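Please find below my comments on the model you sent for review. They are set out as numbered points, to be read alongside the sequence and the coordinates.

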Amino acid sequence: MFRGLSDLLRLLRITWILARHDALIPREFDRQVPSWVRLVGKVTRFGTRARGRRPGQRLADALAGQGPAYVKFGQLLATRPDIIGLEMAEDLAKLQDQMPPFPQAEAIREIERSFGKPIAELFTSFSEPVAAASIAQVHRARTLSGSDVAVKVLRPGIEKTARREFRTLLLGAKLTQRFVPAARRMEPVKFIRTLMQSSELELDLRIEAGSASELRENLAEYPDLVIPEVDWQHSARRILTLQWIEGTPVTDLEALGARNIDRSKLAILAMRSFLSQALDHGFFHADMHQGNLFVDEKGRLVLIDFGIMGRLDEKARRAFAEIIYGFIRRDYRAAALAHFEAGYVPEHFNVDAFATALRAVGEPIFGKKADQLDMSRVLQQLFDVTDVFDMHLRPELVLLQRTMVVVEGVARVLDPEIDLWATAEPIVRDYVKREVGGKAFARQAKANFDAAKDLVEAFPEFAQAAENVAGQLANGGLRLSDDSIERLARAIKGKPVRPGKDKPSA
Ligand SMILES: Nc1ncnc2c1ncn2[C@@H]1O[C@H](COP(=O)(O)OP(=O)(O)OP(=O)(O)O)[C@@H](O)[C@H]1O
């Protein structure tokens, strides 16, 4: 009862904050809402600085600093450009959590509690926080064996705070679902529940450790790409310890230039290694923005932060590869067919009409260099096509598409001249040849095998019949009843067998 009331009060508070930032009933909807709602909107945003900011920016402003669940809410919304539009998704993706770091002493207490021993028995040095976010912060430390490590420590009490905030969000979602029919299509309750599930995982740093380790293993074939190694001995549910990497941020182009780094090589590596994660392993880093990429002392590309990962099953990987490969070869019918085969487009639509829509997206961008291309616009066009053809995109595929746009953004910053399609081609071609071609062959082989199996299974009956005939012949000849002869004659002439009259004789 008390909890319900406090949830309601918290909901009122966040609603007020959203309204003040003009993010609850944005002014862009003024024409679609009744005049009294418009008036309420005007009054609540009176005297604020919301004017001149885009809706996504205003929502990001409102959510930043409200707590981890709200920040996650904004970040998850940012992964659904198919629902909220690409511009808003991009603005929300920039949502930075403005949380001050917590004191070093608290981090040390967390570590000592987790491992049940004093910090001196774990690390010989332990720095002040080097970075802080809403869920955790990072310290630099040195282990007893002399290795430099990055120690990520969850914020004290974060689980409780997050749970409380999620209850508030869930209450808001339930009320929205009940009283705002227009919002039902977005399934707000389901959305918040998904968010709660994924955040639950993010609050267990062992999962992030597992992701880092799996990705490192998967990408071992890329010697120029570094995924920091997990220090399992110093990792626990609330602590993640990784090999420390000294690096230059990829955004610091001046420093990269001074170091004579081959940016074009790195751009190709970022793009290809991402495609390889998604296609070859079905497990990809879904937060590959510039802030998570560095260049180490040996000039290798470093990827960090494994809190948000995506998984694709074999079917989704194949569909994705066939679609991209269709685009690369300008074979829009193949790309369209791949959509139908994966069940993304309802069957009652026409494949050729869909291929034409894809052609309209693909042709203008073919062979363009990155700086002449606006991949976000391309993606938006794809989503528009999605809408027209009533497509049911799976969330992990949308996450993949969105991450691809982010990776392309990174590649473009590193090398504006990069030809994205040509860069992607070898990885996609190899996958298609290996998996799709091979699978197609396997499918055909299986069909042949099934046919042969049917034949073999039918064989005993056939053998029995042959034996009967042979027996009859041996006993003085094959005897057919009149009725059977009649049936046979009609069948030979192609006439229908007359029911009743042509019943086989006993
Ligand atoms: N292995 C590492 N070596 C060196 N520095 C690291 C390492 N891992 C993390 N850092 C530093 O800590 C910062 C935050 O790390 P990370 O992105 O993993 O945390 P986060 O809590 O997910 O932060 P955010 O939400 O801002 O992405 C990085 O930007 C980087 O400066």
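1. The protein chain has an average pLDDT of 83, and 83% of the residues score at least 70. For the complex, the predictor reports an ipTM of 0.96 and a pTM of 0.78.

2. One segment calls for caution. Over residues 496-506 the pLDDT stays under 50, although the model has 13 contacts for this segment beyond four places in sequence. Where pLDDT is low, the predicted coordinates should not be read in detail.

3. The pairing of β1 with β2 is antiparallel and comprises 6 bridges. These two strands form a hairpin, with 3 residues between them. F123 has T143 in β2 as its bridge partner, which gives the reader a pair to locate on the display.

4. Strand β2 also pairs with β3, again in the antiparallel sense, over 7 bridges. In β3, V153 is the bridge partner of Q137. The hairpin of β2 and β3 has 4 residues between the strands, and G146 takes a positive phi near 90° there.

5. Strand β3 (residues 148-154) is joined in turn to β5 by 5 bridges, and the two run antiparallel. A150 stands opposite L242 in β5. Strand β5 (residues 239-243) is mostly covered, with 4 of its 5 residues buried.

6. Which residues lie closest to the ligand? Of the 16 residues that surround the ligand, the closest are A131, A133, V138, A150 and D305.

7. The origin of the shell deserves a remark. Strands β1 (123-132) and β2 (136-143) each supply at least two of its residues. At the level of domains, at least three residues come from each of domain 2 (99-244) and domain 3 (246-444). By residue class, the shell around the ligand divides into 12 nonpolar, 3 polar and 1 charged.

8. D430 and A321 are 109 residues apart in sequence, with a C-alpha to C-alpha distance of 9.9 Å in space.

Terms used:
Residues numbered from 1 in each chain as written. Predicted model: local features only at pLDDT ≥ 70, side-chain atom pairs only at ≥ 80, totals over all residues. Near = placed C-beta within 6 Å. Nonpolar A, V, L, I, M, F, W, Y, C, P; charged D, E, K, R; others polar. Domains from an automatic or database assignment. Buried ≥ 20, exposed ≤ 12 C-beta atoms within 10 Å, placed from the backbone. Pairing = 2+ DSSP bridges. pLDDT = per-residue confidence, 0-100. Contact = placed C-beta atoms within 7 Å.
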